[in-house]
Amino acid sequence: MTMLGSLLLAGSRSPLARRAVSGFPLTRKVVDRFVAGESAADAVEAARRLTGSGLSVTIDHLGEEVRDSGAAVAAAKAYVSLLEALRPLGLGDRAEASVKLSAVGQALDPGLALENARQICATARECGSTVTLDMEDHTTVDATLGALRALREDFPETGVAIQAYLFRSEADCRDLAGSRVRLVKGAYAEPASVAHQRRADVDRAYVRCLRVLMAGSGYPMVATHDDRLMAIAESLAVSAGRGPDDYEFQMLYGIRADRQAALAAAGSRVRVYVPYGDDWYGYFMRRLAERPANVAFFLRALRGG
Ligand code: FAD
């Protein structure tokens, strides 16, 4: 992580920085590169467009760390409405939902968050689709995996994201080797006591986790824009006797769209993570932190370039 990246991640949790960044008149133009729009209709339109070109989608209703139970219930309702709006498209599991438990009340009341997540899973099931739980900062991992275990009793198709940068993740992958697991590098600012700090160490940990998932009986979701890791995933899949339908690649909306299309055209399953909604600040700042070129893009747009 660069010094700029660390500053941006710190800013992603600062109310002052939120007001400053959100206040720039041209910020919205840059946000639109990473976010499909504000309304469920925008998300449905993005799903229609992307699935029409051979990709699958996982849709995230933006929001995290809600502060009251009303907002948590509203977030769950937004997912239910979204899934119902997607149903006429008949996409089945080509359009699934990605859910942050903090958006449905995890920090306020884990029971409420579980109940909200259960409703989203039940609606997804009715639509022939499913849910993947996003993973947030390391203090929430045990709670998220606990909720996943509870959800999987009724909805065994529910998946979860695992962050390769955490020391614990290889063991978590072993525990989850029969599940749908989305493997990511990890997007939060984590202390050296719990997470690899050097890029090369994160990449090596990612490969160790991939080995476990590919050798297991679950469904690995290889979420990265890193060509080297994608190539390693492909060769591990072949060694494990997996065909192109036995795992998938995932990338973020607005990032490497050309690569997404090329992989799908070559016969791989590719799913795009599509965020929508007006609470884009934390998501947007994590995307800036990942890549200095994204910050340059932001600054150019602010200058009107
Ligand atoms: P990086 O090291 O950031 O990038 C690797 C390489 O990819 C770069 O060197 C470059 O060659 C290429 N690349 C990257 N961006 C671009 C670009 N804009 N244009 C051209 N090339 C580029 N994190 C979580 O903590 N929890 C989650 O639940 C979570 N869910 C995710 C879901 C999906 C589908 C994806 C793709 C990511 C998710 N993440 C999540 C974010 C993840 O943890 C990483 O922060 C993010 O994916 C960047 O890591 P990377 O693997 O792409 O590698």
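What follows describes the barrel, its helices, and selected residues of a predicted model.

## The barrel and its strands

The strands β1-β2-β3-β4-β5-β6-β7-β8 form a closed barrel of 8 strands with parallel pairing. From one strand to the next, the twist averages 30°. Helix α5, which spans residues 69–86, packs on this sheet and touches β1 (56–61), β2 and β8 (270–276), while its direction makes about 150° with that of β1.

Two of the pairings can be described at the level of single bridges. Strand β2 (residues 95–99) and strand β3 (residues 131–133) run parallel and are joined by 3 bridges, and within this pair V99 stands opposite L133 in β3. Between β4 and β5, which also run parallel, there are 4 bridges, and V160 has V181 in β5 as its bridge partner.

Strand β5 covers residues 180–184, and because 5 of its 5 residues are buried, it is largely enclosed by the rest of the structure. The burial applies to both faces of β5, with R180, R182 and V184 on one side and V181 and L183 on the other.

## V99 in strand β2

Which residues surround V99, leaving aside its neighbours within four places in sequence? They are Y79, V104, I120, V131, T132, L133 and D134. V99 itself lies in strand β2 and counts as buried because its relative accessible area is 2%, under the 20% cut-off. One of its contacts, V131, is 32 residues away from V99 in sequence, yet the two are 7.1 Å apart in space from C-alpha to C-alpha.

## Helix α7

Helix α7 (residues 141–154) lies across β3 and β4 (159–163) and runs at about 155° to β4. With 14 residues, α7 reaches 21 Å from its first C-alpha to its last, which is close to the 20 Å expected at 1.5 Å a residue.

The buried residues of α7 are V141, T144, L145, A147, L148, A150 and L151. An α-helix has 3.6 residues a turn, so residues three or four places apart point the same way. The elements that cover the buried residues of α7 include α6 (110–126), β3, β4 and α8 (169–175).

## The loop between β1 and α5

E64 lies in the loop between β1 and α5, and E65 is found in that loop as well. E64 counts as buried because its relative accessibility is 18%, whereas E65 counts as partly exposed because its relative accessibility is 36%. The side chain of E64 makes a polar contact with the side chain of R286, at 3.0 Å. Not counting residues up to four places away in sequence, E64 touches K100, S102, A103, E136, Y188, D279, G282, Y283 and R286.

## Positive phi angles

Most residues other than glycine have a negative phi. Against that background, E65 has a positive phi of about 50° although it is not a glycine, and phi of R256 is near 55°, again a positive value in a residue other than glycine. R256 is placed in the loop between β7 (248–252) and α11 (257–265), and R256 counts as partly exposed because its relative accessibility is 31%.

## Accessibility of the residues discussed

The table collects the relative accessible areas of residues discussed above.

| Residue | Relative accessible area | Class |
|---|---|---|
| V99 | 2% | buried |
| E64 | 18% | buried |
| R256 | 31% | partly exposed |
| E65 | 36% | partly exposed |

Technical notes:
Residues are numbered from 1 along each chain as its sequence is written. This is a predicted model: local features need pLDDT of at least 70, side-chain atom pairs count only at pLDDT 80 or more; totals for chains, interfaces and linings use all residues. Side-chain values use heavy atoms; hydrogens and water are left out. Two strands pair if DSSP finds at least two bridges between them. Helices (H or I, at least four residues) and strands (E, at least two) are DSSP runs, numbered from the N terminus. Axes are lines fitted to C-alpha atoms, for helices over the stretch in contact, and angles run from 0 to 180 degrees between N-to-C directions. Contact means heavy atoms within 4.5 Å. Buried means under 20% relative accessible area, exposed over 50%, partly exposed in between (1.4 Å probe, protein chains only). A polar contact is a pair of N or O atoms within 3.5 Å; within protein, one must be able to donate a hydrogen and the other to accept it, and residues adjacent in sequence count only if both atoms are side-chain atoms. The expected span of a helix is 1.5 Å times one less than its number of residues.
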